[in-house]
Amino acid sequence: MAGLASLKLTTLFTYVGFVCSCGLYEFAGIFWMTYFNPFIQTYIGLSSSNIGTIVLVANITDALANPTVGILIESIKIPFFGNKRGCHLIGSLLIILFFPVMWINCPFCSDDTQRVIYYGAVAGFLNAVTPFIFLPHLSMIAVLADSEKQRYILGGISSFSKQFWGLLAYATMWLIIGADKATGDDDLGTKLGEQLKKASYVVVIVGVLCTAVFHASVWNIKDEKRANNHSPTFEGALPVSTSKRAALWDEIKTASKSPNFYILGLLYFVCRSELILYNFYQYFYYEISLHLNEGAVAYLPFICLSVGGVGSIAVKSIVKRITPIGTFLVGMMLVVISGIAFMILPASYENIVIIPVITWSVGSIFMYTLSLSFASNLLVELKISDVGLWGVYNLIDRILFGILFVVLQNVRPCPDSKECCEACEDFYRYAFGGGFVILAIAAGGLALGNHFLMKSATRKVELKPRTSRGVSQIQIVRNDDQAAP
């Protein structure tokens, strides 16, 4: 509490405003990652391969938008609001206006091609706009804090905000599903479509409230006074100003000479893909493979995210006891065991699924959190900026996962069908559980490779000769007054 009291947060209202600054981004993001896939397939009626194309377009747009928007935020000047708060307001208004458009049946589309273009354009546009909210949220860490310690505290609050808004989004969907149970409509697609329309209106209300609270709480703070020293390393850090871009490119080229740079980039992609794979396929696994009721489909993601939040807090204590690589491998084993359970769990024992959901949540958050820590260690080792590293990693991650998702959608037993066939029950079972097993084993191998390479590099530094031709390197240094002995 003493740390929070020392922040440049003069009132509780300012603190609440910082939490609200990412509310719309996180709240809307949950509906995009979890419900867009089933919405497009069961309500709109597009085929699996068409959905893969839409998600790939959205991911590529997201990958290109993050660095572009970051440079734009640092370059433009918005009167009255300032550049960061002004861009945040623009992004918020655009999402508030256009987010409901993604959850309606295209009113002027007459065939599937036009629907793919429509939903691809809307999803791509919204993914391009979200950095206008998320990047100013991250940049406010440097604005509100006066020291490195305070920035880490606000970084922790930012992580808490992500969990908070995610839980609120799942709780919202849970309540909407519960309220619709009395409608008597048994058609899954129609019911889901109507539920998501209602949820999109809730997103708009949350967006309006969050935007108003955030801007009112920081009204008297000049966001242009960004701290000169670096903010802590976090995913998606705000790009530096234009004058530093040349130096940033040099740092990236220096980092690219290290094999750990590529290993950790793949590790980040694999660990993040586990989380996104769960979000994109959980609905179909629970509904089609396990035949769970609507209530379970709503509350299981809520439980998963809650346990993941606890696991992210517990990582630090566990690392102190069994080392970072040991903790990572524990997480890997939990994910592998959970993936196997997802594959073999019969529908007749559907209620037991909560056990692998919990173990997967803990294991995956261990792996993801430590993948970020390993990358942070590389930053220190190579003395490079967090901006360059995360910029490259996020660009690669978004594109690679988009390609991975397209492949999965096209290997479905009926990729061109608008409805799932009987074989889809096993497909989602093995794509869900088997995907976790494969990704976890790959991540374990990459983490071990990084660990041994880092140890080998450290050992070489320790064993590096300190003499040249029998003369100490320190001894051959001279100054004007005295020659070395």
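This is a predicted model: local features need pLDDT of at least 70, side-chain atom pairs count only at pLDDT 80 or more; totals for chains, interfaces and linings use all residues.

Reply: The general idea is to take the angle between the two axes and see into which range it falls; angles under 35 degrees count as roughly parallel, over 145 as roughly antiparallel and 65 to 115 as roughly perpendicular, with the rest oblique. Here helix 3 and helix 11 (residues 259–289) pack at about 50 degrees, and their axes are 7 Å apart. The crossing of helix 3 and helix 11 is right-handed.

Me: Which residues make the contact of helix 3 with helix 11?

Reply: Helix 3 contributes W32, M33, T34, Y35, N37, P38, Q41 and T42. From helix 11 come N279, F280, Y281, Q282, Y283 and F284. Sorted by class, the residues of this contact of helix 3 with helix 11 are 8 nonpolar, 6 polar and no charged.

Me: How are helix 3 and helix 6 oriented to each other, roughly parallel or roughly antiparallel?

Reply: An angle over 145 degrees counts as roughly antiparallel. The axes of helix 3 (residues 23–44) and helix 6 (residues 112–129) cross at roughly 170 degrees and come within 13 Å, and the two helices are therefore roughly antiparallel. Their crossing is right-handed. On helix 3 the contact is made by W32, F36, F39, I40 and I44, and on helix 6 by R115, Y119, A123 and N127. By class, this contact of helix 3 with helix 6 has 7 nonpolar, 1 polar and 1 charged residues.

Me: What span does helix 13 reach from its first C-alpha to its last?

Reply: The general idea is to compare the span with the one expected at 1.5 Å a residue. Helix 13 (residues 324–344) has 21 residues and reaches 31 Å, close to the expected 30 Å.

Me: Which residues of helix 13 are buried?

Reply: An α-helix has 3.6 residues a turn, so residues three or four places apart point the same way. In helix 13 the buried residues are I325, G326, T327, F328, G331, M332, V335, V336, S338, G339, F342 and M343.

Key
Residues are numbered from 1 along each chain as its sequence is written. Side-chain values use heavy atoms; hydrogens and water are left out. Axes are lines fitted to C-alpha atoms, for helices over the stretch in contact, and angles run from 0 to 180 degrees between N-to-C directions. Helices (H or I, at least four residues) and strands (E, at least two) are DSSP runs, numbered from the N terminus. A crossing is left-handed if the near helix is turned anticlockwise from the far one by less than a right angle, and right-handed if clockwise. Contact means heavy atoms within 4.5 Å. Ala, Val, Leu, Ile, Met, Phe, Trp, Tyr, Cys and Pro count as nonpolar, Asp, Glu, Lys and Arg as charged, and the others, Gly among them, as polar. The expected span of a helix is 1.5 Å times one less than its number of residues. Buried means under 20% relative accessible area, exposed over 50%, partly exposed in between (1.4 Å probe, protein chains only).
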